[in-house]
Amino acid sequence: MILPIYIYGSGVLRKKAREMDIASIDKEEIGKLVSDMFETMRNADGVGLAAPQIGKDIRLLVVDGSDIADMYPELKDFRRAMINPVFLEKSTEMSEYGEGCLSVPDVHCNIVRPRKVRVRYFDPDLISREEEFDGFASRMVQHEMDHLDGLLFTDHAAPIRKKMISSRLHNIARGKVSAHYNIKLDK
């Protein structure tokens with residue numbers, strides 16, 4: 001099922017999402033939610049989606065780089081659903097890249113992030129995993145993990161860039177934006 005994506009100005013995007021109790025997760029229920037999130041993300045032409053972006057106050061995200069594997073061949077089979085992800089390590093080597101977000105339509109900024117990260121998470125089968133991500137996969141995971149802490153990519157933008165996009169962000173927060181996918185503003 002395709003779900004509405006909450007946009008900039010929605011309160012849920014600024015809250016720290018709560019950790020899920022692994023022992024009480026219904027595998028069927030979480031599997032359905034993960035499936036809906038992948039479908040919603042694909043419908044919006046995204047490569048990642050975090051639960052707060054669909055109005056859920058839980059630490060869950062999905063990423064799928066297969067649609068951009070022509071530009072980033074290493075992402076051909078990169079598709080993950082992560083429950084309660086935590087950073088174990090971040091590299092000191094940084095990289096800069098232009099980012100956008102389904103919750104902030106038509107806004108892009110160059111963002112500097114660690115090039116590599118090591119993350120521990122549970123997959124939808126509730127198996128604990130630990131992985132290192134590099135390059136664009138690392139960026140995708142970091143961007144979505146920010147959502148779980150109430151952060152948006154625009155928070156990492158250079159001060160001058162923040163000033164340049166402030167009126168567009170203000171308009172989005174007032175609902176003056178359109179997107180080719182279903183969006184929702186909930187203050």
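Student: What links Tyr72, Tyr97 and Phe136 into a cluster?

Tutor: Ring pairs link Tyr72, Tyr97 and Phe136. Rings of Phe, Tyr and Trp (its six-membered ring) pair if their centres lie within 6.5 Å; planes under 30 degrees apart count as stacked, over 60 as edge-to-face and the rest as tilted. By this rule there are 4 aromatic pairs. The model is a predicted one, in which local features need pLDDT of at least 70 and side-chain atom pairs count only at pLDDT 80 or more, while totals for chains, interfaces and linings use all residues. Residues are numbered from 1 along each chain as its sequence is written, and side-chain values use heavy atoms, with hydrogens and water left out.

Student: Why is the pair of Tyr72 and Phe136 called stacked?

Tutor: The ring centres of Tyr72 and Phe136 are 4.5 Å apart, within the 6.5 Å limit, and the planes are at 15°, under 30 degrees, so the pair is stacked. Tyr72 is in the loop between β3 and β4 and Phe136 is in helix α2 (residues 135-148), so the pair ties together parts 64 residues apart in sequence. Helices (H or I, at least four residues) and strands (E, at least two) are DSSP runs, numbered from the N terminus.

Student: What makes the pair of Tyr72 and Tyr97 edge-to-face?

Tutor: The centres of Tyr72 and Tyr97 are 6.3 Å apart and the angle between the planes is 65°, which is over 60, so the pair is edge-to-face. Tyr97 belongs to strand β5 (residues 94-101), 25 residues from Tyr72.

Student: How do you know which of these residues are buried or partly exposed?

Tutor: Buried means under 20% relative accessible area, exposed over 50%, partly exposed in between (1.4 Å probe, protein chains only). Tyr72 has 15%, so Tyr72 is buried. Phe136 has 14%, so Phe136 is buried too. Tyr97 has 30%, so Tyr97 is partly exposed.

Student: What makes Arg79 count as lying over the face of Phe38?

Tutor: A charge sits over a ring if NZ of Lys or CZ of Arg is within 6 Å of the ring centre and within 35 degrees of the ring normal. Arg79 lies over the face of Phe38 at 3.6 Å from the ring centre. Lys90 lies over the face of Phe87, at 4.3 Å.

Student: Which residues touch the most other members of the largest nonpolar core?

Tutor: A nonpolar core is a set of buried Ala, Val, Leu, Ile, Met, Phe, Trp, Tyr and Cys residues joined through side-chain atoms within 4.5 Å. The largest has 21 residues, and Ile30, Met37, Leu49, Leu60 and Val62 touch the most other members. Helix α1 gives the most to this core, with 6 residues.
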